Amino acid sequence: MQNNGTFVELFDHPEPNYAVLPFVCEFWSVLTTIPVAGTLLVLEAHRMGLRWRSRVITTWVLVMYCCACLSHCTMIDPLFRTTVSLVVGQALFVFGHWSYLLSLRLGDLSAPLTMLLTSIVLIGVALVPQRLGMRGGHLSLGVIQTPGVFIGLMAARMQRYRHRGAKLGCSCQSTNEYLCFAGALLMSAMVLSFLEYYLWDSVPSVLPVLGGFPLVHVAIHILEQVGIYTYGLCVAVIDEMEYGRGLKPVGHRYFGYLLPSLVDIPEGSIPPVIEAAVLLDGQRRKDHPGFNAELEKLYPDAKIIRVHGECSCYLVKAPELVHSILQATSSYASHPWPDGRIIALNTMKPEQHKLVKSVLLPFYTPATVDRLQKNMSHDIIESLRPGSGVSGEPFCGITWIGRIHMAMSLHAMGGATAAAMASNPAKLDELVRLNDDMVRLVAPLGGLGAPPPSVLKQGPGPLWGLLKGLAQAVLPLCSLVRRIGIMQTWGLARPDLTLWQGPCFPRTGTWRHPDLLRSVPVYFVQLYELLKSGQFGNAGTGAEETCLGALHNAVEQKVLSESECLAVIVQLMVNMTSRNAVLNVLYRLAAKPELQDELRKGGRPRIRAFLEEVLTLDTPLQRTPKRALHDTFLDGTFIPKDSTLLLLLGAANAATCPHSGATSKDASACPGLQQMTFGAGQHSCLGRHLVLAEMETIVQFVLERAPSFRVAGEAERLGDVDVGNYGWSKLKFVFSSARLFGDRVDAAETGTQEEKRRRVE
């Protein structure tokens, strides 16, 4: 089927067929599709020792050009379709792995989007060419490829604009310049392909020399080879940067931008990396101070560290950066997710947060807390201690302190109902358990969250467990719906967000703890009843004079919705972090009998200094997440919008604490900074005075009521829950004294008893 030496076929090109060699259909097209770009990329990958994704791309380009060369040589229809599929396929591979660089929200949906786009491309390759007429195959090459090339060029230009504040000559800036250059070459090739289709075999598309020289088509192939080669190098730079290796493309000595190569940039030019698995490791999470010290030893000069395995997540350990991020509420949010799901007070938008905090602040002032502290007698503290109360009998310190803090939280909220709950140990245990369940479900483990299970790797078990957990939560959810309505319940549960665990934002514990899902509506039902009790207030007082009453009024005045108000109450009753702060103090106290004597003699000023020291050295929340609200730069590193920043509060505290053993360099890095245990700025902890008063009261109780106070058995640190809680999963204490519940023990009498005990031992 020939017409003047040219096949009338779908994928035929303007070049006359078999005009130069009798066994090569389109000679000049074959000559310019010899896989030069693919071969150079493979060689460069081998020379630089690139990672597997870069090698996949380079090999993919090589195979793609081999297929294109064979297609022009034989004019076999399926080979052309395969070539187009390979071209678009490698672009979709890049999209699936690195679309998060353009937008983390886009990257979070990259997997389903890649599957959808791949299906569309395959259908298009199969159906579009014949739909476009006699030369539809040639036209379809441009129709299918051009949208992707155009989007890629726009993305490269946008990245170049976003990085405009980077240091001149840095890796990201030069890479984006080369990406824009590659995109411009490929887009020029697409424009020429449409021009060629309309000119076809007329001059200048085909020149009447050398058997019909296809000038435009040769130009297209040369532009594509140079563009794809440059683009492949830039992808390799991006890939290696994720592993903490700095590369950048540099122009050839003679050919400049047309033939770049990769070179290493000096160490320290980009942040070092740490594997995400390290942050999730339970054993390391049990020893946060040791982990912080290890980081400082490995990367003494690094202020931020990239987390490899996460799309855009960084550890921030420099005290000055931690403090500035805590203060900059207009640039960094406490909400780990950009979808607006209701979490707590400190995840609200700044305007609403300020308004709600002003409603709550009068109930957590130092004066208000002092009144609560005076009412929290030592007899009440003793009544909440688990066990029989027999001297020398070990008891669970976690349960004891959990009850005390929950009781203090309930008293702070006010009202007869809250007071009744605070005096019931069984009810306190239930509220503590439900609160801990909420933390396990909502707070991303290690600040990242464990990735969702894979059916291919772990089988259907996790999916079955999730379905079972959802089924168990149905009845409690219906109970919650009856109280606050379906829309308010939806706002609290948000199954559309909690069930989808994408790669770009922290993952919750939904898949990890599906058995706890029913705890969410059960807890909210109880908090709703507590909130409704706030409209009555205490006997002899108005409802507005209690915290619960103020929250109820905020709902009535539409300052808060019921769902938001319940989320705020959850935060006001959060037990784990405060519990661990107290337990860290008691553990240090129990480990050093001489410290107990020192505190008894030093009185209240010495006790308060001791509490501040422990809060600094054993920071109860070692990591806290922040989310960048805008593109920004930290220590010269580009931080994309919506990136997760894990502030290492413990490391920052240790660097500024004279008791931590920090070097003089660390201690002088940010003079004047105080410990950041309770945060800073607008989002500083609302209940800090309550926690400090609670810690002081409990320490005074131990010093006055327990001449001998020690740890019983083996203690175990917490390692399987929350962002960075530095606490305890197993900790028992012993009060050893015949006069445990008698009169106040003064320092001299205590010393005598201690000497007797030592002689007996």
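**Helix pair**

I looked up helix H3 (residues 52-74) and helix H4 (residues 77-98) and found that they pack at an angle of about 165°, with their axes 8 Å apart; axes are lines fitted to C-alpha atoms, for helices over the stretch in contact, and angles run from 0 to 180 degrees between N-to-C directions. H3 and H4 are therefore roughly antiparallel to each other, the term for angles over 145 degrees. By class, I noted 16 nonpolar, eight polar and one charged residues in the contact of H3 with H4.

This is a predicted model, in which local features need pLDDT of at least 70 and side-chain atom pairs count only at pLDDT 80 or more, while totals for chains, interfaces and linings use all residues. Residues are numbered from 1 along each chain as its sequence is written, and side-chain values use heavy atoms, with hydrogens and water left out.

**Sheet**

I then traced an open sheet of six strands in the order E5-E6-E7-E13-E10-E8, with mixed pairing; helices (H or I, at least four residues) and strands (E, at least two) are DSSP runs, numbered from the N terminus, and two strands pair if DSSP finds at least two bridges between them. Strand E7 (residues 313-316) pairs with strand E13 (residues 644-648) in the parallel sense over four bridges, and I found Leu647 in E13 as the bridge partner of Val316.

Helix H13 (residues 319-327) packs on this sheet, touching strand E6 (304-308), E7, E8, strand E10 (623-628) and E13, where contact means heavy atoms within 4.5 Å. The direction of H13 makes about 120° with that of E13, whereas helix H30 (residues 649-656), lying across E10 and E13, runs at about 40° to E13.

Technical notes:
Parallel < 35°, antiparallel > 145°, perpendicular 65-115°, else oblique. Nonpolar A, V, L, I, M, F, W, Y, C, P; charged D, E, K, R; others polar.
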